[in-house]
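Reader: I'd like to go through the cross-links and charge pairs in this one. Can you put it up?

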Amino acid sequence: MENAFFRFLILTLTFGWVHGRVVKVPEGPLIRVEGQAVSVRCDVSDYEGPREQDFEWKVARGGRSLQLVSTFDPSYSDPSMQDRVDSGDIAVARLADDTVELRIRSVQAADGGVYSCSTISTDSVISGNYEADVELKVIKDSVKVSPTTPPAVIPEGGSLELRCSVSRDITQHTYLSVIWSVRKGATSEDILTFDPERGVTTGSSFRQRYADGCLRLDLQGRGAYGLIMNGALPGDQGVYVCTAREWALEKGGTWQKILERSADMGEVRVTPTAQSLKVTLEKNSTLSVDDTLNLTCSVAADGLAALSLEVEWLVSPASGGGAAGPRVLVRVGQDGVVMNTSPLVGVSRLGVGVFGLVLHGVDQSASGLHSCRVRAWVRQSSGDWHQAAEKTSNLVQVQVILIEPEFNVALHDISNPQFSGDLAELECQVTEVSRLQGGQLGVSWHYTEVMPADLPTSTHYIAALDKQGNLKAEDRYRERVEKGLLILSRVEPNTFKLNLLQAWDSDMGAYFCTVSAWTHTRGGGWAKAKEVVSNPLTIHWTPKKPKLSVTAESPKLASSAGSTFEMRCQVTGENLQNPEYSVLIQVEETGGKTREILSLSPDSVLQLEEWNDQGREDSVVLEKTGPVQFRFRLYGVQVSDRGSYSCSVTAHTRGPGNAWTPAISAESNKVLISFTDTGPAFNVSIHSEKSSIFPGETAKIECTMTVQGASLDTADMSYEVRWYKSNVPSMGSAALLGSMDRWGVVRKSPGNGSSDCSLERMDAWRFRLSIHSAQDIDSGEYHCSGTPWIRSPAGTWTRGQDLTSSSVFLSVNLALWDSLKLPLLYGVAASLGAGLLSLLLGWVCARCCCQNATHSPRSHNGLMDLEMD
């Protein structure tokens, strides 16, 4: 016992030394500024007891110790501190179960002293520290920020000087940092921070500008700080703020911010160059060919002398310009280099912001709307140029008088279509040509739709041949041009033609041509001298309703099975332009059902439709024997082919895109295939060996074909046999189980829903269906269907009518005794075994465990020993 006690004591002492309570506060002294908020953190670790710990704060100053606040005792505070505690000026805030923070909302000079944080012991063994002290020094608030008001407005690219004076009384080891920032609305962003300890720090938006030298510090000493911003941008406008921060060095080399004071320097607006830039051009001129054109471009802007200007002289047609926009005559770069110049073009600088353009020997290409475009560049302190604005002057009308050529234009129709699809040919003839002076003619074709009187008309551009013979078609006509259905040509120097090889109904309307005369310019280009529009010419025809009729006849009727049937179809069409025909052969079978056999497309492509008789794919032929004649043949006619045959014909014409378009359809009269079947009569019957079987057994069902009225050789007969099963008698459709064709090929249905089954031919007349290992799902109604085939003396096989047998019902019964005898046998054996085992256990227990070991057997002697006194 004594050894165990000493071991426990040693473990307790060891645990106490290793895991003693630790109370921590920041290392002091802490230097704070009067009037600022102060927070001192205190935490405890390695303690026992409840997770949440309680704390007490007190302060020692002037030889006195004053109790401040406690986390568990509301009456802990010293009476002299009670008012500040009640007002919340002094408070304790719990940050975690083991951490609190002493907070002084506005520290006073008298609050300096040594602050102690203590915890109440909850440990089983007292070890470690329960109290920690930190000294707080309160210095006077002496920091003053005096900014210099910057200019209210500066031009883009100008310089902005931000100056701020910061002063303080040095009583402790503290230092100041200065921050310049700009406030735009509700957001504020730092520009640059000057920190004597950390150096210079810039905001993310100003980092590149500082690296380029656009931001520069100007330290004049004695608390005067300056920031110079060069190359001001429109985004720099806002309210600029100067902020001073005072820092104190704490234990561990950490600088703590103890004061921050800001002052607004004032609002600065940056005038964008684009707002003040003005460009004007003088003046309108009317000149003759070979005259000299003089234009003056004047540029004005705030701070113009600091800008670098790039000037472009532009000209566009008086009609408003083409798709490519205005043309650049000449360009003067910001470095003064003239580009795109020629001996006939001169540019000069007439003064600050004044540029002159001189064009010698003008021709018609100088006519149009002239303007000058100016780009203003601002040089940044990094040396890079920044484009500040771009502006284009007013338009000046310049007209160069040219003696126009004279000519007349007339439009004639050479071929006027009468039907849709006919040729339409128009001729545009230019006559009485004079003063063309080596120029060239170009033509463009236009078309106005024919609309009812109450609807507006619209004119469409078709295509054009320019002065050099290049063809350009409008999008809606480009495909017809590429396919050669629309042709533009110059048949003579002054004659142009438009050919529509296949005019459509949508082409009806009024056509006219526009002829343009082009002359050479001094620069080697072309200028349009004159344009003349021809008279309109209407292309119109009365659309006629197409008509179509089809007549069918049979020069060779099928009189018996195995013969050949032939039907000829004659087509008659009216009001159809270059038609082609598609033909569909169809038959109306007995009972009114119509079946499509095969078809022939307008391009003579033959296709089988619903003719799917196995082995008879080549028995039907459809061919075109003439432009409007077609012939259908059916070889080896069968009894099942009897019915009414007809031709369904559709006339097709070429439509937009040169594709076949159905125009009208017609159906011929019907030609009958009907003959008397004089062959033998067949019958089919079905029977089953058993109508009820047990699971796992094999069911056998036989289907027998019989012939009546004729004696045929078995080699001339063959049968197709199909087996069907219906789950519910007389309800629903029967499912195909399998089939055997007349060549003996067996095909099983993959989804018959029954067990494994097999088909076999017993002899020429009998066929057997065997269902192996029958299950419950095999119960149902079964029947067979047979189709006889007979070979004629000529060797042709003829298909007979389908025959369907009666139905037999097969049931699969559950063998109750077979399913229960093994479980009963096993149960009886188990019961007997359990009874015998119980008897054996009882006998062993009686023999071994239940005898009296202290009992003495009775003596078998006849006399008993008597005890005498």
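Author: What follows covers disulfides, a surface patch, an annotated segment and salt bridges, in that order. Keep in mind that this is a predicted model.

Reader: How many disulfides are there?

Author: The count is 6 disulfides. Counting bonded cysteines along the chain, they pair as 1-2, 3-4, 5-6, 7-8, 9-10, 11-12.

Reader: Take Cys-297 and Cys-372. How far apart are the sulfur atoms?

Author: The sulfur atoms of Cys-297 and Cys-372 are 2.1 Å apart, and the two residues form a disulfide. Cys-297 sits in strand β22 (residues 293-300) and Cys-372 in strand β28 (residues 368-379), so the bond ties together parts 75 residues apart in sequence.

Reader: Which handedness does the link of Cys-297 and Cys-372 have?

Author: The link is right-handed, with 65 degrees about the S-S bond. Both ends, Cys-297 and Cys-372, are buried.

Reader: And what is Cys-428 joined to?

Author: Cys-428 is joined by a disulfide to Cys-513, S to S 2.0 Å. Cys-428 belongs to strand β32 (residues 424-434) and Cys-513 to strand β38 (residues 509-520), 85 residues apart, and the pair links distant parts of the chain.

Reader: Why is the disulfide of Cys-428 and Cys-513 called right-handed?

Author: Because the torsion about the S-S bond of Cys-428 and Cys-513 is about 70 degrees. Cys-428 and Cys-513 are both buried.

Reader: What is the S to S value for Cys-569 and Cys-647?

Author: For the disulfide of Cys-569 and Cys-647, S to S is 1.6 Å. The pair links distant parts of the chain: Cys-569 is in strand β42 (residues 565-574), Cys-647 in strand β48 (residues 643-654), 78 residues apart.

Reader: Is Cys-569 buried or exposed?

Author: Cys-569 is buried, at a relative accessible area of 3%. Cys-647 is buried too, at 0%.

Reader: What about Cys-845, buried or partly exposed?

Author: Cys-845 is partly exposed, since its relative accessible area is 38%. Cys-757 has 3% and is buried.

Reader: Switching to the surface. Which residues make the nonpolar patch of about 210 Å²?

Author: Leu-423, Ile-487 and Leu-501 make that patch. Leu-501 lies in the loop between β37 (495-500) and β38, and Leu-501 counts as partly exposed at 35% relative accessibility.

Reader: What does UniProt say about residues 824-846?

Author: The unreviewed UniProt entry annotates residues 824-846 as "transmembrane region". In the model the span is 100% helix and 0% strand, with its end C-alpha atoms 34 Å apart.

Reader: On to charges. How many salt bridges?

Author: The count is 42 salt bridges. One of them pairs Arg-84 with Asp-111, closest N and O atoms 2.7 Å apart. Arg-84 is in helix α2 (residues 82-87) and Asp-111 in the loop between β7 (99-104) and β8 (113-119), 27 residues apart. Both Arg-84 and Asp-111 are buried.

Reader: What is the closest N and O separation for Glu-161 and Arg-163?

Author: It is 3.5 Å for the salt bridge of Glu-161 with Arg-163. Glu-161 is partly exposed at 43% relative accessibility, and Arg-163 is partly exposed at 21%.

Reader: Where do Arg-331 and Glu-310 lie?

Author: Arg-331 and Glu-310 form a salt bridge with closest N and O atoms 3.9 Å apart. Arg-331 lies in strand β24 (residues 327-332) and Glu-310 in strand β23 (residues 307-316), so the pair ties together parts 21 residues apart in sequence. Salt bridges that share partners join Glu-310, Glu-312, Arg-331, Arg-373, Arg-375 and Glu-390 into one network.

Technical notes. Residues numbered from 1 in each chain as written. Predicted model: local features only at pLDDT ≥ 70, side-chain atom pairs only at ≥ 80, totals over all residues. Heavy atoms only, no water. Disulfide = S-S within 2.5 Å. Helix = DSSP H or I, 4+ residues; strand = E, 2+ residues; numbered from the N terminus. Buried < 20%, exposed > 50% of the residue type's maximum accessible area, 1.4 Å probe, protein only. Patch = residues over 30% accessible without salt bridge, like charges linked within 9 Å, V, L, I, M, F, W, Y side chains within 5 Å. Areas by Shrake-Rupley, 256 points an atom, 1.4 Å probe, with all protein chains shown as cover. Salt bridge = Lys/Arg side-chain N within 4 Å of Asp/Glu carboxyl O. UniProt positions renumbered as here; feature names shortened; annotations may be inferred.
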